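Hi there,

Here is the structure I promised to pass on. Have a look at it first, and my notes follow below.

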Amino acid sequence: MVVFDGFELLDAFGPLEMFGLLKDTVEILIIGQHHGTVKSNAGPSVVIDRTFEEIEKLDILMVPGGGGTRQEVNNQPFLDALKKLGERTPHVASICTGSAILAKTGLTDDVKATTNKRAYQWATSQSDQVLWIKEARWVEDGKFFTSSGVSAGTDMGLALIEKLFGHDEAIKTANAAEYIWNENPHDDPFAKLNGLVD
C-alpha cells in the first residue's frame, strides 16, 4: 500500500485488513516516497516500510485516496516512481481518489476505472484518457482494479482476493472479519446520491 500525507485511513486499512487475514500467504508493506512517518487525513501517522527505490518486485500495488491526492497529482517525482513500479506489477489497485493519482501517471490510459462519487468531477478531470465509469462500486479492467469511495475499497479488496485465491477464500476472509461483503461491483447507490446518474 502506497501512502502519502493526507491519505484516507479506511482506503488503506480496509483492504489491508482483508489481506492481513491471509497472513500466511501475503506480506504487507507500507510504501512511500521517503522514509519516516506519513500523516493520514484523519491524523494518525504510519511508518514507511520501503521507499519506491527499495522495491524490486510486488504482486499487488494499491493506492488510497484522501485529501492528500490533491497535492500528489502535482508531485512529479512521486508520480514517476509510482508509474515505474506500476508498470512492472501484475495487479494494480486504487481506492477512492487514488484513481486520480493513477490517472495522472498514465497507467490507466484507455482503462475502465471509477472513483469516489463525491469527488468524481475533480478526480476525472485529472485525465481524459481514462474510460471513467460513473456507476460502479468497483471496476476491474485487465490488471487494474479501481473502487469508488472509502468503504468500497474493502469490497474491491475482497474481489481481488477472490480473483487471486478463489471465491471460497474471499468469503472466508469476509466472515473472519465479520464483514458483509457487497459482491456486486455494479451496486453503487452513491452514484445516484451524488447526482451522477438518474
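Helices α3 and α4 are roughly perpendicular to each other, a label for angles of 65 to 115 degrees. The axes of α3 (residues 76–87) and α4 (residues 98–105) cross at roughly 85° and come within 9 Å. Axes here are lines fitted to C-alpha atoms over the stretch in contact, with angles running from 0 to 180 degrees between N-to-C directions. Helices are DSSP runs of H or I with at least four residues, strands are runs of E with at least two, and both are numbered from the N terminus.

This is a predicted model, where local features need pLDDT of at least 70 and side-chain atom pairs count only at pLDDT 80 or more, while totals for chains, interfaces and linings use all residues. Residues are numbered from 1 along each chain as its sequence is written, and side-chain values use heavy atoms, with hydrogens and water left out.

Which residues meet between α3 and α4? From α3 come Phe78, Leu79, Leu82 and Lys83, and from α4 Ile101, Leu102, Lys104 and Thr105, with contact meaning heavy atoms within 4.5 Å.

Now the backbone. Most residues other than glycine have a negative phi. Cys96, in the loop between β6 (91–94) and α4, has a positive phi near 60°. Cys96 is buried, at 4% relative accessible area (buried is under 20%, exposed over 50%, partly exposed in between, with a 1.4 Å probe and protein chains only). Val150 has a positive phi of about 45° and sits in the loop between β10 (144–147) and α6 (152–165). Val150 is partly exposed, at 24%.

Best wishes

Notes. Parallel < 35°, antiparallel > 145°, perpendicular 65-115°, else oblique.
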